[in-house]
Amino acid sequence: MRRIACGERPGWREIAREAGFAFHTIDGAPYWDESHAYAFTLTEIEEALEAPSAELHALCLAFAGDAVEDERILASLAIPEPAWDTVRASWHRGDPSLYGRLDFSYGGTGPAKLLEYNADTPTALYETAVFQWLWLEQGLREGRLPPGSDQFNAVHERLIEQLSKIAPPGLFAFAADTSGPEDLGTAGYLQDCAVQAGCETILLDLAQIGLRADGAFCGPDERAFAALFKLYPWEWAFQDAFGAAVAASPTRFIEPPWKMVLSNKGLLAHLWAREPNHPNLLPAFFESDPTCASLGASVRKPLLSREGANVELFSAQGTRLAGEPGPYGAEGFIRQGLAELPCFDGRRPLIGAWIVGDAPAGLCIRESDGPITGDGALFVPHLIEPA
């Protein structure tokens, strides 16, 4: 794994506009950065990232099957008790999953270490599946990249394939906060994938979702949704009237309620308890567990935070090394052993490994200038170097 300078394509912003990548710059700050890229060997991709991703996802599914039957686990994850039956029923029905993202610390040496599983509402999807692939294709055509370069990226094809398998007959709705360019872009991209999978679709703002007398969720025209993708976390949904109506609704949800069990950093403590010393896991414990004192250098993470919010890094002596503000933490914390992000030319990449359905499908890299990957991190493309 290495960071290589490759230079920006002339006119890439116009290319982005034509491709529908409207959020390459957010609030005047760059988000997409193609001045450089990360290069991997095929062995690194297949053995250090793809294979561990498949294994860890399988471990997560095994845990989910146990968790829905154990009220102590559900309580430890701060899943509200009124949601337990809904989560359990969703699992027992076999409600299918569409996608998720495992985030790793990996720098080309030693095993990749799982930092968290974004199993419910991960973004960075369109730029992974489409725009970095377009970057690769153009780079090969123009000789900007070595002939024979490839990319770990079957996300687009796998999404269409999975949607064609899991979409029920009827109207498939895609909802997000449409005032946010990244959220709107993610939901709109998935809607496009669903259209290619043969689905009848609608894209709408979260505030436009209604509820019919028969319990089905609907849009302003009151036509029932057979399925609803919502870029809105389940822990938020179960705090409002939306969540209270889920159990009795004939509408099926993407992601399903059982994904609450995985989209929670308490998962990391449970995985470590089940598979201690797994090479791709870091020791992790709920903060109330006295074993936390044995961790040495550690990271304090709220169970439900996003984009690095309220994450804090501590030295082995307990000195606070770094931290990010945010609104999370009332739900509780875990402590996880510290696996610092690698440093390349003063920048720190976080590797996101995409799971579509139940299989690894591709890779994304978000790069920051500090030890915590926040919402200001840049998206940087990657390639697999020819042998």
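The model is a predicted one, with local features needing pLDDT of at least 70 and side-chain atom pairs counting only at pLDDT 80 or more, while totals for chains, interfaces and linings use all residues. Residues are numbered from 1 along each chain as its sequence is written, and side-chain values use heavy atoms, leaving out hydrogens and water.

Sheets come first. Helices (H or I, at least four residues) and strands (E, at least two) are taken as DSSP runs and numbered from the N terminus; two strands pair if DSSP finds at least two bridges between them. Five bridges hold S5 and S6 in their antiparallel pairing, and arginine 101 finds itself opposite asparagine 118 in S6.

A second open sheet has three strands, ordered S1-S4-S21, and its pairing is mixed.

On to the aromatics. Rings of Phe, Tyr and Trp (its six-membered ring) pair if their centres lie within 6.5 Å, with planes under 30 degrees apart called stacked, over 60 edge-to-face and the rest tilted. That rule gives 23 aromatic pairs. Tryptophan 32 and phenylalanine 131 make an edge-to-face pair, at 4.9 Å centre to centre and 80 degrees between the planes. The two sit 99 residues apart, tryptophan 32 in the loop between strand S3 (29-30) and strand S4 (36-40) and phenylalanine 131 in helix H5 (residues 125-141). Both tryptophan 32 and phenylalanine 131 are buried, where buried means under 20% relative accessible area, exposed over 50% and partly exposed in between (1.4 Å probe, protein chains only). Tyrosine 99 and tryptophan 354, by contrast, are stacked, because their ring centres are 5.9 Å apart and their planes at 25 degrees. With tyrosine 99 in strand S5 (residues 99-105) and tryptophan 354 in strand S18 (residues 348-356), this pair ties together parts 255 residues apart in sequence. Tyrosine 99 and tryptophan 354 are buried too. Ring pairs also build a cluster out of Phe21, Phe23, Tyr31, Trp32, Tyr126, Phe131, Tyr189 and Phe379.

Some rings have a charge over them (NZ of Lys or CZ of Arg within 6 Å of the ring centre and within 35 degrees of the ring normal). The charged end of lysine 230 is over the ring of tryptophan 234, 3.9 Å from its centre, and arginine 300 is over the face of phenylalanine 333, 3.5 Å from the ring centre.

Salt bridges (a side-chain nitrogen of Lys or Arg within 4 Å of a carboxyl oxygen of Asp or Glu) number 23. Arginine 2 meets glutamate 385 at 2.5 Å, N to O, linking strand S1 (residues 2-5) to the segment after strand S21 (382-384) across 383 residues. Arginine 2 is partly exposed at 43% relative accessibility, as is glutamate 385 at 23%. Arginine 9 and glutamate 34 form another salt bridge, at 2.6 Å, N to O. Arginine 9 is buried, with a relative accessible area of 3%, and glutamate 34 is buried at 0%. Glutamate 367 bridges to arginine 347, with the closest N and O atoms 3.1 Å apart, and both residues are buried. Finally, shared partners join Glu287, Arg300, Glu312, Arg320 and Arg335 into one salt-bridge network.
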